[in-house]
Each structure stands twice: as structure tokens, then as C-alpha cells.
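These are my notebook entries on a structure I went through element by element. The sequence and the coordinates come first, and the entries follow.

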Amino acid sequence: MPPASLGSLRAVLRRQNAANPGRFLGDEATRVSLSALHLADEPPRAIEKYRDATVLLALPGQLAAAIALIALDGVASRVILWPPDAQAAQIDAVCKVASVDAVITEWDVRSHDDQKAATQAANAGIAAEIAPSATVTEWVLLTSGTTGRPKMVVHSLDSLAGHISPAGGPSAGATVSAGPSGPGTIWCTFYDTRRYGGLQILLRALVGGGSLVLSCAGEAPAAFLARAAAAGATHFLGTPSHWRRALMTEAAQAIAPTYVRLSGEVADQMILDRLRAAYPTARIVHAFAATEAGLALEVDDGLAGFPARLVGQAGGPAELDIRDGTLFVRSARAARAYLDGDNTSIPGADGFVDTGDVVALHGDRYHFAGRRDGTVNVGGQKVHPEEVEAVINQHPGVRMSLVRARANPITGAIVVADVVLAAENAAKHGASAAAGGMQDDIRAFCRAHLPPHKVPVSIRIVPSLDIAASGKLVRQLA
Amino acid sequence: MTIRSTVETTLIQVAEEQNKPLPPLSDDLPLLDSGLDSLCLAVIVARLEDSLGVDPFGTADEADLPVTVGDFIKLYENATR
């Protein structure tokens, strides 16, 4: 039997609010009572103009974006969540590919004139025709692509939250245990709610009947933790890098979590052990989820990796399969398609999604061993080596380069580069220390053209790089 | 150069490269609420591994995780002893 649909967020919240009047969403400056939101079947007039429209939700603040999301779900045909670290230069491309009708933002959005005209025309059409029927809104998440242009991944409220047991209502099919949570649980996330991992926590709070404490841009981690503690938060989500950082502040002792969740990066044994030592009574869970594949597995035995018996076994959040050393995942949590003009389906013909994550069997556990395509995860932010190589190769002194991961105890990994100099430079610098000036110069060039997490921390001048028979650079997994 | 001066120089250099304002260094300055973010610290730890040949984070216990600049310097002094 297919699980029942959650309907819209508005309907979910309306069903729960009578039972839990004290629920809130809060950030540094504001606390919004969820029972004070306008949750009637008919959305307010200000929202009606977005009926059946494609909306790019690009509010910088998480709280405002969450409120807008609640208002738009079930009204707009499609909401695209613009994460705060996405490059503003990409906004035009996103608008064009996704046929965006309206942008909700505090920024000054510059767009092509023709596009602006199209936007106005579309809005006029929307205002004139207000359909009473409920719309199933597509939720679109952005994830980084090889070329620097974000990929748009199409989800729905059901694919994102169908596994969360709704408070005050029947369960929507197979649910995943979220620890000792339920109505009244106060969540806190370090991870931005416009990204898959953070959005999971926003939805656990909203659908599961809880509240949520959100961070603000530029807020120091100690101040955020102190605020979360004061608000009574007990359920915390962060990437392993967020947690490493949190444990390096005095405020780590100010919180008393009963549930600690890690996602967005591979959790190594060291961070799991340190969290166990810091919070001896908490349930510590590391989740593996990807924007495309959705939530795939949750591990709570305190050990890195996941038990091999989960592969091919039913009962977890998803079916797992290992093909040629790569993890494949099948579940109702998967995204439907890419918004790329062709609506390229994300699950394959057999329903499995290729995660691109390489796993290695050690004893009776699988451990994550990097990305098949060499993508580097720097503290939860993806870096595609090709994008960095393209910048380095533009430097006039460079012939070719290879960008790869170097393990780092703070962000999990960091980017490094091997560079082959152009012939005249190689002769001048040789492989000697005189190449140091060139390395500084290439690094400065990268800093001018790339966001900080994509700049190689070290640049090694090498005489040559291996080229495979295919003519491609040989990439070895870190 | 002493370990202390190597660590301090690296902290200042990386903060400058990443355009992060850093107050004057003192031993009781909190490491991560001083303006340095995780990425800065990741770069600092990688640079120090290159110049000093040690990564004390790889082996440190939870109790050893540095909270202040002084703790951070001590971590490297102990690791290179």
C-alpha cells in the first residue's frame, strides 16, 4: 500500500497546532509562534499571487525563508531553495532553466530585460486566475555541478518528509526513528536549512510537531550554542566539521543534547568518539543522505561506516546495493528528476540512484572511501576538481594541473593541486625552491577567481601528470 | 624559529589571506570566536603540518581539543617535543 501523502505543510501544521500551542521557529532576533501563522485552507491574498507559479526563494535569512516556504507549499507549483552560499552570478541561469516566474529576495536582482518582461507577464496571469484547488508543490534543491553551475534537484514534501512520523496524525507509511523525539522536541541545526541535511531537520521539527532554533549569518558558534541552550534545544544536527568546531568552544559544555546527529560529510571514528566523550548520555546518529538519493541510512552504534548486513536488507530508510564498489540507493526518499531542460530522471530504470560514493568493506562494515568522480568535500561543501583545474590552467605560467583531496582534521578534507609548469617556466624554475614564487602566484590567482574553500592549500610543482589511455587525467581516490 | 612563533605567524598569515580580522594574539583569546572560521583553521593545520611535520589533531583526545590560542600553541609544542 503506498503511504498516505502529507498534503501541504500548511495542512500538516494545522492538524498539529491545537495539540502543541507552544511551538516556535526562532533565530537570533525573532521567535515566531507556529500557532500564530495563517494556516487556513485559503492562503492570504499576498501569497495567492504565487498560485501555480515557479518561485525562486532567495531570502538570505533562514527564518524568513522557512516562513515563506510554509506559505508557498501547496500554492506555488514549484519552489526553488536558493542556499546562502550559492553564487549570485548563477541566478540568471537558474531562472532561465527553471522558468522562474517570481523571485522572493531582499537582494537587488539584476536580470535580462527580456526575462523581466516575461516575469511581469507571468505574474499578471497568475493574479488573474486564482484556482481554489490545492497544488502539489515541487521543492527544488540546488547542488553544486562540475562546471560551477548548480544542478537543480526536484523533490516533493512527500519525498523529503514522508518518513517523518507526523505528530497528531496517522503515520505516512514506513517511518524512520528520530530518537526520543516527538511533539515538543526542540531542534537546533548548524547546517543550513536550504541544504538537504538542514532541510531534513526543519521538516522533522515542522512535521514531527517540534520547534527549531536557527542560526544567523555570521553568528559565532559559541553565541549560537548558548542561544540554543537557553531555548531548551535537545536535538542537534551538524556536519562532522560543525561538530569539530563546536567542541573547540567553551559553549560546547553549555548544551545538554539528548540526540546528536551528523550528516553532510563522512563521520570518522574520531569525531564520533569525541562526541561520545562530550555527551555521554546522548543518542549519537550519523546519517548518510544525498540531495539526489535522499536519506539512505542512519547508524547509531557509535562506529564509523555502516554494517555490511544493511546491504540488501529491508526495513531501513532505503534499499542499499553496492555496484562496482559504489553505493546505490532505492527508496521513496529519492528526488524525481533534474530540472535541466530535459527533466532527466534521477532514479535509474530499476529505481536505484547512483550516489557516486565509493565504499570499501573492512571486516563486517562498509566505510566511505571518497567520490568516484574525485569530488572533494570540504567541511560539507563540495568541490569539483575540474572546476579548480580550469582556473589554475588559465594562469599563463601553467601547462596543466591535477586537483585532489588532502585529509584534514578540521574540515575532513581540503583541496591541494599538482601543477605542471609551461615549458619556459619549468626551465626557469626547475623543480627547485625557486618555484615558490610561482606557487604563491598561482594561489593568489586562485584566490581571485574561486571561493575560499576551493583554493588549494598547497601547490606542488611536478614534472608531469599521468594521463590514462582515454586521454583523461588519472584521478586516484583520496 | 620557535614552535610558538611558527604557529603565531601562520595564524596571522592565514587570517590575512582569508580577509578575516584577527585581534592581537594572546594565550586566552578564543581560537574560533576570534574571527577565524573552520576553513581558516583547516588551512592553518595543513600549513603547520607542512612546516612542522606534525598533525596533533590526528591523535589528540577530546580533552585536548584547543579552545584558546594558548591551547592551540601548546598542542603543537607538546607534539613536537
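This is a predicted model: local features need pLDDT of at least 70, side-chain atom pairs count only at pLDDT 80 or more; totals for chains, interfaces and linings use all residues.

**Entry 1: the interface of the two chains.** I count two residues as in contact if their C-beta atoms, placed from the backbone, lie within 7 Å. By the contact criterion, 23 residues of chain A are in contact with 20 residues of chain B. I then asked which elements of chain A each supply at least two residues of the side that touches chain B. They are helix 8 (221-230), helix 9 (240-246), helix 10 (269-278) and strand 22 (398-408) of chain A. Helix 10 of chain A gives the most to this side, with three residues. I sorted the side of chain A that touches chain B by class and found 12 nonpolar, seven polar and four charged residues.

**Entry 2: chain A as a whole.** I listed the secondary structure of chain A, which comes to 13 helices and 24 strands. Chain A has 478 residues, of which 48% count as buried. I also checked the sequence range of its contacts: among those between residues at least 6 apart in sequence, 65% join residues at least 24 apart.

**Entry 3: domains of chain A.** The domain assignment gives domain 1 (9-356) and domain 2 (376-461) of chain A. Their contact takes 11 residues from domain 1 and 10 residues from domain 2. On the domain 1 side that touches domain 2, I found two nonpolar, seven polar and two charged residues.

**Entry 4: the six-stranded sheet.** I traced an open sheet of six strands in chain A, with the order 5-3-4-6-7-17 and mixed pairing. Which strands stand at the edges? Strand 5 (102-105) and strand 17 (337-338) of chain A do, each with a single partner strand, so one side of each is left without a neighbour in the sheet. I recall that strands of a sheet pair through backbone hydrogen bonds, either parallel or antiparallel.

Strand 3 (residues 54-58) and strand 4 of chain A run parallel and are joined by four bridges; Leu57(A) stands opposite Leu81(A) in strand 4. Strand 4 (residues 78-81) is in turn joined to strand 6 of chain A by four bridges, and these two strands also run parallel. Strand 6 and strand 7 (residues 151-156) of chain A run antiparallel, with six bridges between them.

In strand 6 of chain A, Trp139(A) is the bridge partner of Val79(A), and in strand 7 of chain A, His155(A) is the bridge partner of Trp139(A). Strand 6 (residues 138-143) of chain A is mostly covered, as five of its six residues are buried.

**Entry 5: a hairpin in chain A.** Strand 12 and strand 13 of chain A are joined by a hairpin through three residues. Strand 12 (residues 283-290) and strand 13 of chain A run antiparallel, with five bridges. One bridge pairs His286(A) with Val299(A) in strand 13 of chain A. Is strand 13 enclosed or open? Six of the six residues of strand 13 (residues 294-299) of chain A are buried, so it is largely enclosed by the rest of the structure.

**Entry 6: Val311(A).** I located Val311(A) in the loop between strand 14 (306-307) and strand 15 (319-323) of chain A. Val311(A) has 18 other C-beta atoms within 10 Å and is therefore partly exposed, since a residue counts as buried only at 20 or more. Not counting residues up to four places away in sequence, Val311(A) touches Leu320(A), Asp321(A) and Ile322(A). I also took one distance: the C-alpha atoms of Val311(A) and Gly162(A), 149 residues apart along the chain, are separated by 22 Å.

**Entry 7: chain B.** Chain B averages a pLDDT of 88, and 95% of the residues score at least 70. Among its elements, helix 1 (residues 3-17) of chain B has the highest mean pLDDT (94) and helix 3 (residues 69-79) of chain B the lowest (92). Which residues of helix 3 of chain B are buried? They are Val69(B), Phe72(B), Ile73(B), Leu75(B) and Tyr76(B). These residues cover an arc of only 150° around the axis, which puts them on the same side of helix 3 of chain B. The general rule is that an α-helix has 3.6 residues a turn, so residues three or four places apart point the same way. I noted that what covers the buried residues of helix 3 includes helix 1 and helix 2 (38-52) of chain B.

Definitions and conventions:
Residues are numbered from 1 along each chain as its sequence is written. Chains are lettered from A and ligands numbered from 1 in the order in which they are written. A residue is buried if 20 or more other C-beta atoms lie within 10 Å of its own, exposed if 12 or fewer, and partly exposed in between; C-beta atoms are placed from the backbone. pLDDT is the predictor's confidence in each residue, from 0 to 100. Ala, Val, Leu, Ile, Met, Phe, Trp, Tyr, Cys and Pro count as nonpolar, Asp, Glu, Lys and Arg as charged, and the others, Gly among them, as polar. Two strands pair if DSSP finds at least two bridges between them. Domain bounds come from an automatic or database domain assignment. The arc is that of the directions from the helix axis to the C-beta atoms.
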